[in-house]
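Let's take a friendly walk through a protein chain, going from the whole down to a single side chain. Have the sequence and the 3D view ready.

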Amino acid sequence: MNAPVLTDQPAAEASGSLFGACATEVKGLLLALSKLEAESHQAQVGRLEGREWYELLGRKLLPQLTDDAYLVVAVVGGTNIGKSVIFNHIAGCRASATSPLASGTKHPTLLVRGEFVDSHDLAEVFPGFELTPWVDADGALAASEGDKLFWRVSAATPPNLLVLDTPDIDSDARINWDRADNIRRCADVLIAVLTQQKYNDAAVKEFFRKAAQEDKAVIIVFNQCQLPDDEAYWPLWVKTFCDETGVNPECVYVAPNNRQAAESNQLPFYERCWPIELAGDATASASPVAASPTPGMSSADTQRSSNLLDDLSRLKFADVKLRTLRGSIREVLDVDRGLPAYLKEIETRSEEYRSAADLLSAHQLAEIDNWPTIPNNLMVAEIRRWWADQREGWSAKVHGFYNIVGRGITWPFRAASEAIRGEAAPPLDRYRDQEWNAILDAIEKVMRRLTWLAELGNDLLKPRLHRVLQGTNRGELLERIQAEHRSIDLEQQLRDLVDAELVSFRSESPRHFELFRKLDSVAAAVRPATSVVLFLTGVGPVGHAITPALTDTALQSVLHVAGDVAGGTMAAAVGDTMISSGASASVGFLEAKFRQLHAAFTAQRAAWLASLLKEQVLGTLPEEVLSAALIPEQSTFQQVRQIMQNLDRLSQ
């Protein structure tokens, strides 16, 4: 079989274009994956390091995508089969030590031209290795925990080749397997050294199965053959190896078992045609090839020795690089083992956290159905204060004067009521006590719910909630929350809320606001004739009496907004016409705004409790769970998915 020649210029240009596009995508993918790994840590997704497809990205695709002008050729195989002998013959010198003992080479050894070292960074070509200059042939035999790669300049090595000797892939030392795996990822071409004893070894076959999955270019050298006796058997051995690994070799060589020739670097290599027609049942290892020499070859061809170094230097570089590139990308994008499986793993974990986030949602932890409402008179007082600030000129003076008069008129009634019933606690104090009772109820519900979740809920939450509950002393928790509750200025909070809501009302509903200003001015104009009359007819001062016609407390309070001292001033001033005509819609609008103020204050207070409970009990757990649940929706995850699709198109 003749070795192929270098590719033509158009193919090389096409190769360069594809390499450039793939290089851009792979660089972007590695950066995005680094961010995604950090984001996925909170979802307890396993690390990227150690995943076969990820190691392939960093150790093969990234280092070599930007330069297709060379091939990395690695000599690989099992223990004590002559890998270093083959390597030395390719090198043209005793570059690697040879030993009759097993597990000789502990670290990979690299032969490279000086020009390549001057123009390239070897650390980028071989990431993960500690590059060490070669001093003597025994350096690679010394055991070491570090992943060293010994390199040596060789003038005999073609400028377009980097040649590697590698550790045994079937030794008992696991570290050797890891180093060989790293070399496989970096290599473009693997020279598979096989023998009768090692062609069917499980570890050897597993290594080359991975190579076949990556569509690596493989050259088989069947070493230590007893020629001519084994001429009838090596095809069966090679076929068994290829069938069980999926390897489709570029070419096949056989080398005789001749220790003297091996040690003196004069071992002959005989190229053989592959595949060949096997006689009889090819799967029966006891059935040799019918005749020698190999079918299709003359006796002279059978004995013609090949120069491995020359054959390697004539490989179609563009074809091999593109094949390796596409094979590596397909391995990275494998649905079951590659990047898609990693993204699916993230999605699955995030869905589990989404369920956990739902369980932790505030409305499910504790539904507060008895939160007290701020007393109407307190709300009305704040609304009056704000409205008084909006009055101008004579209207402000009139209302101000009658407010003072109204307070004087109502004082005897308040004093008489207190004498009969006893002095009542201030409304704000009563409201604070009601709030505390609601808070105690809410805390009890939250703790019961968390305990239930820790025992029966989501598996992801159980251990974390157990830690939360074990670290929470309920007595101390109640003391802290009660101290926070007592320190709050409820009056100022109510004032701030009313100011914000009514300022918003003024800007968002200017028509209603102007209408109420006019009504307020009308009330000021007629107020001297109506205030006492209204009081005597039963619409009580400041909302203390109830008119039969106005049984809805909220509506009564709404009328206080504009009525001031005697709550019915506004309605009486403009008469029944206002209530029965279009102005009644304005009263309804006011009632809705009043209810909205109550609801807003209640929501604000409940939100305060929720925030305090989260801070004191749950900490950052809700945010962490929600963040983990939303990973697939974030830009980093989507970016990785898009790059994956781009690479899939480029690999076709």
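## The whole chain

The protein chain holds 27 helices and 9 strands; helices (H or I, at least four residues) and strands (E, at least two) are DSSP runs, numbered from the N terminus. This is a predicted model, where local features need pLDDT of at least 70 and side-chain atom pairs count only at pLDDT 80 or more, while totals for chains, interfaces and linings use all residues. Residues are numbered from 1 along each chain as its sequence is written, and side-chain values use heavy atoms, leaving out hydrogens and water.

Of the 652 residues in the chain, 48% are buried (under 20% relative accessible area, with exposed over 50% and partly exposed in between; 1.4 Å probe, protein chains only).

Look at strand S5, residues 161-165: 5 of its 5 residues are buried. Leu161, Val163 and Asp165 point one way, while Leu162 and Leu164 point the other way. In a regular strand, side chains alternate between the two faces of the sheet.

Strands pair if DSSP finds at least two bridges between them. Strand S1 (residues 71-77) pairs with S5 in the parallel sense over 5 bridges, and Val75 has Asp165 as its bridge partner. Strand S2 (residues 109-112) pairs with S5 in the antiparallel sense over 3 bridges, with Thr109 opposite Asp165.

## A buried arginine

Arg272 lies in strand S9, residues 270-272. Is Arg272 buried or exposed? Arg272 is buried, with a relative accessible area of 0%.
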